[in-house]
Amino acid sequence: MNGHTFRMPARRCVTVAAATVLAAGPVALAGAGAAHATGAQDGRAGASVLRTGLDVSLLNKTVNVPLAVSLNEVQAPQSAQQTALTARLDGVDGGKPFSVLRADVAKADATVSEDKAEGTVELAHAKLHVPGLPRLSVIEVDQVTSRATCEAGRPPVATSNVLGPVTVLGKRVTVTPGGTTDVHVPGVGEVRLDLSQRETTSRTAAATALELKVSVNPLKLNVAEVEGTITLARATCEAPTAPEESAAPPAPDVKPQGAPDAEPQGAPGANPQGAPAAEPDLAETGSNSLTPYLAGGSAVLLALGGGVVALTRKRRS
């Protein structure tokens, strides 16, 4: 009984341990070989149809007034589709509003997802004006597009296109992608035109369809000179961080079912080479090499006891 009393807790401990292993087994197997992606959504994108940085000098260059305006300038996630931009400047045409840009289509769009950032611009049938030249366009374009695409883990891509004729200060000009075109009009001024500028790095891209450096002297509406830069159809992006996959832990060695446990030679319990095999442990019945003699002695004692009992009964009778 004492043996049973002490063995029951041990058996219960083994049972609980086995249940714990079985319960943890599916979790461990599910984790083995699984890959986890990390990385934040840190991509960026921007787009603008028009951006100006002009200095407007009034008559006799006594007053300088900045003209810094933009049309459809957005940051992701955002889009805009305005097709006209007007501005007011004190001292120019009595402070009346004047048209800076008019177009049939002027669209900017910027989007960012977990693995991609993209900015796009589309401009069609557009005319750009500066103060002092109400009837003469600085530039007229038929169709302009720019796109900057940045995908995680891939090289960024920047593209821009100027399709159809281009007119600068009333002159039809031929433009070359990636090149510079200078247009000079006596009594009006000059414009330097850069077409299809593209820049890329390992994670960023920028595309500008048209960039103009303007220097005009209209001498009208109290405007003496206009100088600065004008940017048409610019798209930018920055790629999100590429997700990193954690390496899966090595699979544990699995022994084929029924394979015997290999025991290294010389390990504890191993018989030295040439030594006789050890006798196996006997069962828990108490048997050993003296058992036959004990059994024989018991039989003799039983026989003697039986004879004494029979003799006693005979005497009594």
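In which sense do strand β13 and strand β14 pair, and over how many bridges?

## Basis

This is a predicted model, where local features need pLDDT of at least 70, side-chain atom pairs count only at pLDDT 80 or more, and totals for chains, interfaces and linings use all residues. Residues are numbered from 1 along each chain as its sequence is written, and side-chain values use heavy atoms, with hydrogens and water left out.

## β13 and β14

The pairing is antiparallel, with six bridges between β13 (residues 180-185) and β14 (residues 189-200). Strands here are DSSP runs of E with at least two residues, numbered from the N terminus. Two strands pair if DSSP finds at least two bridges between them.

Opposite T181 stands L193 of β14. The two strands form a hairpin, with three residues between them. In its turn, G187 has a positive phi of about 80°.

## β14 and β15

β14 also runs antiparallel to β15 (residues 204-216), joined by eleven bridges. Three residues link β14 to β15 in a hairpin. Across this pair, R192 stands opposite K213 in β15.

## L212

Strand β15 contains L212. This residue counts as buried because its relative accessibility is 0%; buried means under 20% relative accessible area (1.4 Å probe, protein chains only).

L212 and R192 are 20 residues apart along the chain, yet their C-alpha atoms are separated by 5.7 Å. Leaving out residues up to four places away in sequence, L212 touches V138, I139, V191, R192, L193, G228, T229 and I230. Contact means heavy atoms within 4.5 Å.

How values were computed. Helix = DSSP H or I, 4+ residues; strand = E, 2+ residues; numbered from the N terminus. Buried < 20%, exposed > 50% of the residue type's maximum accessible area, 1.4 Å probe, protein only.
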